[in-house]
Every structure is written in structure tokens, then in C-alpha cells.
Amino acid sequence: MSIAKEDGSLSLVLIGGSSGSFAIFEEMIRLVKKPLSFALIFVLHRGKSSTTVLPELFKNKTNVAMSEPYHLDPIEANCIYFAYPDYHLLIGPDQRFYYDCTHKDFFSRPSIDATFISAAVSGIHVKAAMLFSGSSADGASGMKALAEKGFPTYVQNPAEAESPRMPEQALSVYSKHQVMIDGNPFSIINNILQ
């Protein structure tokens with residue numbers, strides 16, 4: 001069942017990361033205990049040969065519907081989505097997902113930047129965007145694009161990240177992101193879930 005915002009419009013929460021982010025993503029999903037008023041979209045760097053189906057892996061962590069969406073699937077509130085390996089997951093202005101298999105960004109497909117930038121220009125409200133541990137600069141441009149649109153952006157404290165390059169680059173490109181410290185990603189996500 002889709003739970004839309006009171007005015008009937010869709011909103012998104014975007015979460016990106018790479019090496020060192022998997023356990024954080026898992027813990028966030030555990031926190032989802034009730035219907036969501038937004039679509040929760042995770043972009044985790046995964047290789048072309050990845051056979052892990054994240055909705056299957058996380059199915060016992062929450063009762064909210066999860067999927068790796070198909071090309072042209074509608075984006076719905078009260079759903080958790082994961083970018084499929086070896087494709088860029090794009091957010092369309094028609095509130096649908098689009099897959100793109102053009103060149104890799106920072107040696108990665110899916111690219112966090114591709115998803116976040118497409119969301120920034122889609123006209124869909126972004127309730128929050130969060131960027132975590134990773135060993136490349138992916139995500140920095142997307143986070144900046146979202147912040148410049150006025151959406152709340154949060155970056156893991158590089159000193160606490162297993163691979164600090166991704167959050168460092170995001171802060172280097174745009175210094176006004178809110179920095180998550182001392183495990184507060186979970187308090188932030190809890191606030192978003194309220």
C-alpha cells in the first residue's frame with residue numbers, strides 16, 4: 001500500500017555508500033518499523049558479478065516492501081528500493097525509475113551521483129540525502145546538487161568512516177552538508193521516520 005504525503009505528492013529519502021557502508025544500511029533498515037510516508041532509496045556500489053539480492057538478504061529486518069526495481073517501475077511511498085548492480089538507477093520527473101548502462105562513474109555502476117543528480121532535477125521532493133563510507137569521490141556532485149536545491153544533506157564524519165574518501169570529497173566539494181557524528185545517522189533516520 002502506498003502512503004503518500006498529505007498533499008498527495010511523492011517524497012524521497014536517498015542513501016548512498018560504498019565500502020564500509022553495508023552494516024550501516026542494514027542497521028537503518030532495522031529501524032523501519034512502520035509505514036513510510038516516502039520512498040527510501042539505497043545506492044550501494046556493487047559489481048557486475050554481484051549475485052546478492054538485497055531485498056532477500058534484508059527481508060527479515062523490516063516488514064516494509066523492498067525491491068530492486070525494474071526500468072519504468074513507478075516510485076511509491078512506503079517502499080524501500082535498492083539500485084540494481086551494473087546499472088545506473090535514475091529518478092524520472094514522471095515518478096518512475098529509469099535504468100541506464102552508460103559509462104561507469106568513478107569505476108562504479110550504479111553511481112550514487114547518477115541517482116542523486118537525477119533526483120535533484122526530477123522535481124520530486126527530497127526529504128533527506130545521506131552519504132556514507134566509500135573509497136571513491138562518487139556522491140559528491142550529487143550531494144551538492146541536492147543541497148543547492150535546498151534539500152537536507154548529511155555526510156558521515158570522515159573520521160568515523162571505514163573508508164573516508166567519499167564523505168571527505170563530498171565536504172570538499174560543498175562544505176555546508178550536515179556532518180553526522182558519534183553514530184547519529186541512526187538518530188537522524190529515526191527523526192526522518194517520525
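## A buried tyrosine

In this predicted model, Y154 has a relative accessible area of 13%. Buried means under 20%, so Y154 counts as buried. The residue sits in strand β8.

Leaving aside residues up to four places away in sequence, Y154 touches A128, A129, M130, L131, M143, Q178, M180 and I188. Another residue to look at is I15, which lies 139 residues from Y154 along the chain. The C-alpha atoms of Y154 and I15 are separated by 9.5 Å.

## The sheet

Strand β8 belongs to an open sheet of seven strands with parallel pairing. Read across the sheet, the order is β3-β4-β2-β1-β7-β8-β9. Strands β3 (65–67) and β9 (178–180) are the edges, each pairing on one side only. From one strand to the next, the twist averages 20°.

How many bridges join β1 to β2? There are six, between residues 11–17 of β1 and residues 39–44 of β2, and the two strands run parallel.

## Helices across the strands

Helix α1 (residues 22–31) lies across β1, β2, β3, β4 (79–82), β7 (125–131) and β8 (153–156). Its direction is at about 165° to β2.

Helix α5 (residues 165–173) lies across β1, β7, β8 and β9. The angle between α5 and β8 is about 135°.

## Aromatic pairs

A pair of aromatic rings is described by how far apart the centres are and by the angle of the planes. The structure holds eight such pairs. One of them is F58 with F82: the ring centres are 5.7 Å apart and the planes are at 35°, so this pair is tilted. F58 is in the loop between α2 (54–57) and β3, while F82 is in strand β4, and the pair links these distant parts of the chain, 24 residues apart. Both residues, F58 and F82, are buried.

Y81 and F97 also form an aromatic pair, with 4.7 Å centre to centre and 65° between the planes, an edge-to-face arrangement. Because Y81 lies in strand β4 and F97 in strand β6 (residues 97–100), the pair ties together parts that are 16 residues apart in sequence. Y81 and F97 are both buried.

Definitions and conventions
Residues are numbered from 1 along each chain as its sequence is written. This is a predicted model: local features need pLDDT of at least 70, side-chain atom pairs count only at pLDDT 80 or more; totals for chains, interfaces and linings use all residues. Side-chain values use heavy atoms; hydrogens and water are left out. Two strands pair if DSSP finds at least two bridges between them. Helices (H or I, at least four residues) and strands (E, at least two) are DSSP runs, numbered from the N terminus. Axes are lines fitted to C-alpha atoms, for helices over the stretch in contact, and angles run from 0 to 180 degrees between N-to-C directions. Contact means heavy atoms within 4.5 Å. Buried means under 20% relative accessible area, exposed over 50%, partly exposed in between (1.4 Å probe, protein chains only). Rings of Phe, Tyr and Trp (its six-membered ring) pair if their centres lie within 6.5 Å; planes under 30 degrees apart count as stacked, over 60 as edge-to-face and the rest as tilted.
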